[in-house]
Amino acid sequence: MSQVSHRTVPRVTAELYVEVQQFYARQMPLLEARKLVEFLETMTEDGSIEHRPGGWKLAGRQQLLAEMRARRGDPERPLVEEISARDAREHDVAYYDGLVYRYWFDRMHIEPAGEDTLHVRYQAIVSMTDAAGKVSFEPTTVVEDVLVRIDGELYTRSRVVTHDSPAWADKIHNPS
Amino acid sequence: MSQVSHRTVPRVTAELYVEVQQFYARQMPLLEARKLVEFLETMTEDGSIEHRPGGWKLAGRQQLLAEMRARRGDPERPLVEEISARDAREHDVAYYDGLVYRYWFDRMHIEPAGEDTLHVRYQAIVSMTDAAGKVSFEPTTVVEDVLVRIDGELYTRSRVVTHDSPAWADKIHNPS
Amino acid sequence: MSQVSHRTVPRVTAELYVEVQQFYARQMPLLEARKLVEFLETMTEDGSIEHRPGGWKLAGRQQLLAEMRARRGDPERPLVEEISARDAREHDVAYYDGLVYRYWFDRMHIEPAGEDTLHVRYQAIVSMTDAAGKVSFEPTTVVEDVLVRIDGELYTRSRVVTHDSPAWADKIHNPS
């Protein structure tokens, strides 16, 4: 176990690191606030979000918007009955009704990959707070994003979410 | 949905971003350790903390110190009976007795607002670990701080905590 | 409560802050992925990990590797019966079997201590996601690391984990 260098990728500069942090600090509150059009403007036109294992991939702002409008719900509405993410898609249920959800990111690793592309890897967990104040957490995930710079601004081109539970899509979303 | 710039505020420099991170990394452990006087020295003399919705606003180090001394408790003492934040204030109960609480911040967005003022927005969740090792979480929140620089040092001038549950003040604080 | 400077240590530069963040973002996923040899290569040869209060200290890559191989388990195996961390050591049980564990760090405070040494303090919580998607959390901790730079690379020389529950080692690890 020799002390050779572990780093085989270009070192990210502090300015770029902070820019990426601030990008996510602008992007994710839009999704949490259900500002779906504004959120999708932080992705490229062909941007995609994929859930693994055994999940689905949605590509392009229109497809993403349709799915999010149908699923993201409204915190002012009552909680839905117990349902899984997969069943919510099958039966067209807005399974985030009645919930304020927040994404918690950690361990962000940033690797420049060409002049205008970044590979960003982080772990994420989603908290859900209901109107009564109950807090629950979805299973942990690891996320791999590709960010691209267009006319000076960062955009998410693709997001691959790998869930730590293979049963993530079939478990009850927010058990009581 | 055109790819126009989303940024209408000055870009924070990496040095400032890190200074703010380190400010919070000094400030919040003081509150967690119940070093209340030292914590309040990280706020301006007229500093305020407000809880929304349906909460209260305390302003000035003396008012904050009186409230915190009465409420922040001691992790060495037994847990109190089940009580809400509002009732703890009404009946003068140190509802953090028996608990180590820790603040978890994420998604910190920093905007310079004038030469010596910063607007900082982040989400926060409080964990509570009791002596037996039970962990619970208070409802999630979004926090908006105004930081000011005085003689080169950062201070919190105001903190507004918006709780994600409208019932936050009336729910049992740390249900068994 | 005068507004004197709270800072008595050298200010960390943005570049160093980011380098430390990226160090942990490389280091900790190795432990989570049970890449134990690779994880230990991010520590010095004599690196140590100590758990307080009432815990144990392991020093040197060989001792750490033996302990981790015996305890860190395999997420593909079934969950073990309910057991504490102390009993898992006594009865040689891989008490992380059946679990994906992730470390969440926050409030990282970095202080240069000499030319090639850093003192890093942060709070940490471990999430555990089982195959069914159940999420639980271990009691919160405060961690103090000493990092050293050797041939340009950062390594952990020592890690002291102070658990917020004095009963941490004797509580059931992942209660059902």
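## Helix α1 of chain B

Helices and strands are here runs assigned by DSSP, a helix having at least four residues and a strand at least two, and they are numbered from the N terminus. The model is a predicted one. In chain B, helix α1 covers residues 14-32.

Most of α1(B) is covered, since 17 of its 19 residues are buried. Just after α1(B) comes B:R34, which takes a positive phi of about 60°.

## Relation between the chains

Two copies of a chain are related by a rotation about an axis and a shift along it.

## Aromatic residues

Over all chains, a search of the whole structure finds 30 aromatic pairs. One of them is the tilted pair of B:F105 and B:Y122, with 4.2 Å from centre to centre and 35° between the planes. This pair links distant parts of the chain: B:F105 belongs to strand β3 (residues 99-112) of chain B and B:Y122 to strand β4 (residues 117-130) of chain B, 17 residues apart. Both B:F105 and B:Y122 are buried. A further tilted pair is formed by C:Y96 and C:Y101, at 4.5 Å centre to centre and with 45° between the planes; C:Y96 and C:Y101 are buried.

In chain A, one aromatic cluster is formed by A:F23, A:Y24, A:Y95, A:Y96, A:Y101, A:Y103, A:F105 and A:Y122. Arginine is also found over a ring: B:R89 lies over the face of B:W56, 4.3 Å from the ring centre. In chain C, C:R89 lies over the face of C:W56, at 4.3 Å from the ring centre.

## Arginine 107 of chain C

C:R107 is placed in strand β3 (residues 99-112) of chain C. Buried means under 20% relative accessible area, and C:R107 counts as buried because its relative accessibility is 6%.

The side chain of C:R107 makes a polar contact of 3.4 Å with the side chain of C:Q123. When neighbours within four places in sequence are left aside, the residues in contact with C:R107 include C:R121, C:Y122 and C:Q123, and also B:Y24, B:M28, B:E32 and B:W104 of chain B.

## Tryptophan 168 of chain C

C:W168 lies in the segment after β7 (153-163) of chain C. With 8% relative accessibility, C:W168 counts as buried. C:W168 and C:L36 are 132 residues apart in sequence, and their C-alpha atoms are 24 Å apart in space.

Apart from neighbours within four places in sequence, C:W168 is in contact with C:H51, C:R52, C:P53, C:G55, C:W56, C:A85 and C:H163. Among these residues, C:P53 places its backbone oxygen 2.8 Å from a polar atom of the side chain of C:W168. C:W56, another residue in contact with C:W168, is the one whose ring face has C:R89 over it.

Methods: Residues numbered from 1 in each chain as written. Chains lettered and ligands numbered in written order. Predicted model: local features only at pLDDT ≥ 70, side-chain atom pairs only at ≥ 80, totals over all residues. Heavy atoms only, no water. Phe/Tyr/Trp six-rings, centres within 6.5 Å; stacked < 30°, edge-to-face > 60°. Buried < 20%, exposed > 50% of the residue type's maximum accessible area, 1.4 Å probe, protein only. Lys NZ or Arg CZ within 6 Å of the ring centre and 35° of its normal. Expected span 1.5 Å × (residues − 1). Polar contact = N/O pair within 3.5 Å; in protein donor to acceptor, adjacent residues only side chain to side chain. Contact = heavy atoms within 4.5 Å.
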